[in-house]
Amino acid sequence: VRVTALLVSHNGARWLPAVLEGLAAQTRRPDRVVAVDTGSSDASVDLLEARLAPGSVVAAPGRTTFPEAVDLGLGHVEPPPDDEDDWVWLLHDDSRPAPDALQRLLEVAEANRSVSILGPKHREWPSLRRLLEVGITMSGTGRRETGLERGEYDQGQHDRLREVLAVGSAGMLVRRGVLEELGGFDRRLPMFGNDLDLGWRAARAGHRTMVVPDAVVFHVEAASRGIRRTPVVGNHHRNERRSALYTLLVNCSLAALPFLMVRLFFGSLLRSLGFLLVRAPKESFDELAALAAAYLRPDRILAGRAARRRTSKVPPRDVRHLLAPFWLPYRHGLDFVSDIATAVVLQASDASAARRSSRAAAAETGPEAEEAQSLPADTGLLARLLSSPTAGLFALLVLLALVGARGLVGSGLLSGGALLPAPASASSWWRLHLESWHDVGVGSASPAAPYLLPLALAGTLLLGKAWLVIDLLFLFCVPLAAIGAFRFLRTVVGRGWPALWGAAAYALFPVLAGAVAQGRLGTVVAAVVLPWVANAALFLTPLQPADRRWRAAWRTALLLGLLAAFAPVAWALAAVLAVAAFAAGLALAPAMWRQPRTWGPLAVAVGVVPVLLLPWSLQRLGGSPTSWFAEAGLPAGDLVADLGVWQLLGGRPTSVDLGAAPAWLSVGIAVAAAAALLRRGTRTAVIVAWAGVLVGLAAAVLLDARGEWAGFPLLLAAGAAVTAVAIAGTGIGAQLSGRSFGWRQPVGLLVLAAALLAPVVGALWWVVTGVPGPLDRGPATRVPAYMTDAALADPVDGILVVRSEDGGLGYSLLRGAGTRLGEDTVGAGGAAQNDLTALVAELASAPTAGEVAQLSTYGVRFVYLSPPADREVAGKLDSVSGLRPASALRPGSRAWELESEPSREALAERQSSYRPPLLLLQGLALVAALVLAAPSRRVRR
Amino acid sequence: MSTSTSGRRVAARRRARPGRGGVAGAAVVLTAAALLAAGSLVHATPEAAPSPASVPVDEVTGACLGWPQGATGQASTLAAPLPESEAVADGGRLTAGPVGDKPTGLPAGARGRVRSLDAPKPGGAVAVTATGGAAVGRATFSSVRAAGSGLALQQCLSPLPRWSFTGGGAALDHRSQLVLANVDPGPAVVDVVVQGPKGAAEDVGTRGITLAPGEVRIIDLVDVAPQSDELGVTVEASRGRVVAGLADGFATRPAAEPGREWIPGQQEAARTLRLAPLPRDADERTLVVANPTDREALVEVQVSGASGAFTPTGLEEVRVPAESVTTQDLGDAVGKESAALVLRSPVPVTASVRSTKGGDVSYAGAVPVLDGPAAAVLEKGAAAEVLVSAGDKEAKAAVTAYSTSGAKVGSTSLELSANATAAWNPKGSAAYVVVTPVQGRVWGGVSVAGGAGISQVALRSLPVSLEQPVVVPVVR
């Protein structure tokens, strides 16, 4: 028996001495040692030449792959005499064999003459105890299966001599003849998976491979673990995956190939998505790139299969028992999900434990009161509510929300003012967002407003119950806003009373401003989202590490996109603030702020938003800039009041008689915000907060001049004012008591009292008044049910609803049970709408049979006059041919049905060719932003 | 030593100057104050409400009601001459015929020419429909004349969903019959409410009266509210529209042959009523006021006389109980001068003035202010008088008389001081008059008197253009 040890090295100087020592210490020494060095730049060559016989070291170029290196090494060893049993023992420069490794391998080879490839047990180096491999195989997804648990200690539990599909190349003992018969390692597998492939090919050629657990090799796996970078490794994950796909596709049976190609394609997509979900974007991309690399070169697959056909001697079924069972990938998937769930639970448990231990540590700083000693241990929610001011505040706000919303509880849907009733299901929102053509009114190809996408997502999470989304937002917007505000203020001023006060003062804005009472969805959602945007934007400052800033930039962009979806003016104001921040940065630190890495995150945070709001934003960017002023929901201009000084100071976009609380209730916050500028220690931060106040006020004045709802600008101003007060209020008690008595103390106390009382009296007003506005709960429409049923069954059977408006008539064309939230965003406008308006005017003044017939071309089956029906109009419609009276049960209402059939052409779908790509772009942008906003994850093997 | 002194000075200077933060804080406060000031001063300018569009009249249908029984008359129609400023389309069609029958096409004829029509039969009605250019300025009148039973002129009006009549009766010497005609292709359902001095008369038979297309229905008020001298009648369609008329027979002396007149209808009760000017030559004048509301009406009466407005003594306030009818003898309050009554009430009321002359009767009902030319066909052989009243400001109206062929036979310009009424008597050859408001707010009527009796018709703006309501698409 002749054994040639073939050592392949590349920049392995840190391990080579030990490897060479291990080689030298073998109880059965190899007959010859040949080393192939692939262009090492460290001392590897010197070490090899110093320890090996002269002429044993072969120098190869730096990009030489492992298969090429093996071929090169074999070429350096003269062929054996025909009668000699010639073996090659492959070693890596990071694999140290145990002293008896070769001896054990040869013993088994002697005892099993039919075995052509033998492999040792791999243990981790330098821990020396953990198992890495005891034979390997491959699953149907291309995964390298070792049959071991991660980090499993070697306690002899796998020490069973057995036949396997393959063994790792480190320490592999292979008959030279077999190696040459198989053509060596496949050169298309330069680094990863070539050992598996060789084993698989050997098995198909009728050779046996055995793992010898008594032989041990300690392996660093430097390339796999990323400890060593070589030109051949390249993109580790991508190449590893590409090799796995290649190995599977070239070695599987012909019958399994089509199935496997489909499975691997979709499996790779799924894996890619999975990597995204666990915030590993790089791995996700590598997955797709590997798939593309494997599938876009079918010639390589065909060539590989042809080569294997030449050496195959046994059918694939004879090898199948060596492959991993079919269910193994599914078990891995289950394990993966379980791991994540466990990690989440453990993280929550750890956080809870940390909180408790921190509280316990705080409590232990003083003597424990006798009463406290008799209290039961903190084990439940009640105890936490009683002991935690934060939890207590939120519990109180939830309670207040329940009391304040007492008038809005019952059956029916929330609607009124600027709010339309929610649709029957969240799928309506999905359709409005995704479809290019909408069967709404006269039909529309307009893109839906961007806020439908988050509403659809939320509705889907709530099992499709769209009404629940709206109910939760309107009934619990105060506690929801408080959560975000507290989180933001905690970051700014730390955990304490100022943050709690600020959260309460800010969170009451939607109810005190009348946004809830008027059904202003935009302002209500903005109140919930704005603090999160501000919180994310806090990490955009150049003081943060670059990685954190970039992640904050994408997170801010996402949240700002969400905010702008409901209040588009938020994007414009954010742009103004970003420009102001950039200008201030240039003035204070020009060298730093001229660098793209400084202003880049800021630009991304604002600039990406229009892409996230596609395709709506494209339409709006091409239109009037003022179209960005309108918030989500109906304009409801009749519910907007002229703003006075008091309303601007108190943050009231409307008047008391239209649903707002008296402005003086909140003026204390404005006074305190102004007084906050007087405190020197916090003045810079307070001025930054005041920038938000000024921008918000300016926008509110602008919107007021246009007669539009200024909910979001005043929300921004109020939030910024609360932040200024909270910043200046940190430690204000000590500040005031620490000074000698003067005018500052009484004035400061007065301001402090005014600010502290503002949320208290605001909450009292809320509790006493409830929701005093047009928002109410009731049926979605009062049109007769038989009409809406017909319209729901077939949208062409539309209902023309006409009602008396101020000095004229208003009409709507219903295609179902009333106009629902979101449909208003794609409805009115266009030539068809103008034509229908003119037709309705003619029908209301001097109708003719021809005009009635024309109505059917718009897909109208019913005409309904809402009570009180205009007698003149009703009489004229009664007098005209083509309409027959229909049932209208509500007193004062009238209804007719057209005698002619509604035209199917009325809602003939007109496809928009540019909508699908824009939606795709939006989807990709959202996914990309989500991935880039998430903390990056490095996948470790 | 000198160094330390210098250092103290520097420190003192630093304390005196505000820091950068202080300046920025002051700038912030000033900016906020400026924004607050701007916010309180700058507000949205309310958008002007869109005004209704005016389109040329394309179709006009009027119905001439036949006297319930025992009398026939004549009817005539014309497309009145219009001022040059009114662009009139050419062509158009004219059809006429008994309601319920297929109408007959007629030559539209030249503008200004009077065309005679078949008079409606007793208990029937004749519908006149004009389209296109023939509809513009179309006016149709009918008259009932019977020896010893007075003269009754009637303007053939378009169907409406609501009518109100004041001055009817259901007694021996004062008996009225309501004539309803449905000229539309669909059915009409009407409620008839009758109010007397003792309140509303309940009758299940007056509710939900269905008139088939082309049907004419006569309701004798004696069947609804017997033994009632003075009644107010309201016709309200819950479906469709009708043409309604209240044929009134009023005996000026007990047991005398009653005089006849169509009581003019008004569409809605109103707080301010301008009644048509009264015929100057009358024996008696009685103001009849109906209050359809559930609150008492305190009605102020003002007379627009020849030289201006005055309130006659004793007529300062007329009390009308809720849901009832009150009469007030005008006595000598008006005299022989040109006069019209204006009533003002805190609750909506309807009213008319009954004038008697000899054995005949006529009614001056509430009339609208003219917003364009108005026409009235005169009764051949009877003396006609055109009466025009002015609103609160000076006004001016042009009156032109035409022959049946459309030739101008006389004209005048009536210049009226505020709240004054003026009269003009056209020549006997005049077949009709056209009154055109030139300045200010005017309203009026035409009264005729002859051997057959007296009658009067209100001046109503001719159908020239149509106001389309402002229509806007709404979301919910």
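**Notes on the predicted model**

1. The model is predicted, and local features are taken up here only where pLDDT is at least 70.

2. Strand S19 (residues 270–274) of chain B runs antiparallel to S25(B), the two being joined by four bridges. In this pairing Arg344(B) of S25(B) faces Thr272(B).

3. Strand S20 (residues 284–291) of chain B is also antiparallel to S25(B), with seven bridges between them. Here Thr356(B) of S25(B) has Glu284(B) opposite.

4. Strand S21 (residues 297–304) of chain B is joined to S25(B) by five bridges, again in the antiparallel sense. Leu343(B) in S25(B) lies opposite Val301(B).

5. With strand S26 (residues 360–365) of chain B, S25(B) makes six bridges, and the pairing is antiparallel. S25(B) and S26(B) form a hairpin with two residues between them. The turn includes Gly358(B), whose phi is positive at about 65°.

6. How many disulfides does a search of the whole structure find over all chains? The search finds one. Cys64(B) and Cys156(B) form it, with their sulfur atoms 1.8 Å apart. The pair links distant parts of the chain, 92 residues apart: Cys64(B) belongs to strand S2 (residues 59–65) of chain B, while Cys156(B) sits in the loop between strand S9 (150–155) and strand S10 (162–170) of chain B. The link is right-handed, with 105° about the S-S bond. Are the two cysteines, Cys64(B) and Cys156(B), buried or exposed? Both are buried.

7. A separate point on chain B is an open sheet of four strands, ordered S31-S28-S33-S34, in which the pairing is antiparallel. Its edge strands are S31 (421–424) and S34 (453–458) of chain B, each of which pairs on one side only. From one strand to the next the twist averages 20°.

8. Within this sheet, strand S28 (residues 383–390) and strand S33 (residues 442–450) of chain B are antiparallel and share eight bridges. One of the facing pairs is Val386(B) with Val446(B) of S33(B).

9. In chain A, helix H19 (residues 477–493) has 17 residues. The distance from its first C-alpha to its last is 23 Å, close to the 24 Å expected at 1.5 Å a residue. Gly494(A) follows H19(A) and has a positive phi, near 85°.

10. Buried residues of H19(A) include Val478(A), Pro479(A), Ala481(A), Ala482(A), Gly484(A), Ala485(A), Phe486(A), Phe488(A), Leu489(A) and Val493(A). Cys477(A) is buried too, and its relative accessible area is 1%. Elsewhere in the chain, Cys252(A) has 8% relative accessibility and therefore counts as buried, the cut-off being under 20%.

Conventions. Residues numbered from 1 in each chain as written. Chains lettered and ligands numbered in written order. Predicted model: local features only at pLDDT ≥ 70, side-chain atom pairs only at ≥ 80, totals over all residues. Heavy atoms only, no water. Pairing = 2+ DSSP bridges. Disulfide = S-S within 2.5 Å. Buried < 20%, exposed > 50% of the residue type's maximum accessible area, 1.4 Å probe, protein only. Axes fitted to C-alpha atoms, helices over the stretch in contact; angles between N-to-C directions. Expected span 1.5 Å × (residues − 1).
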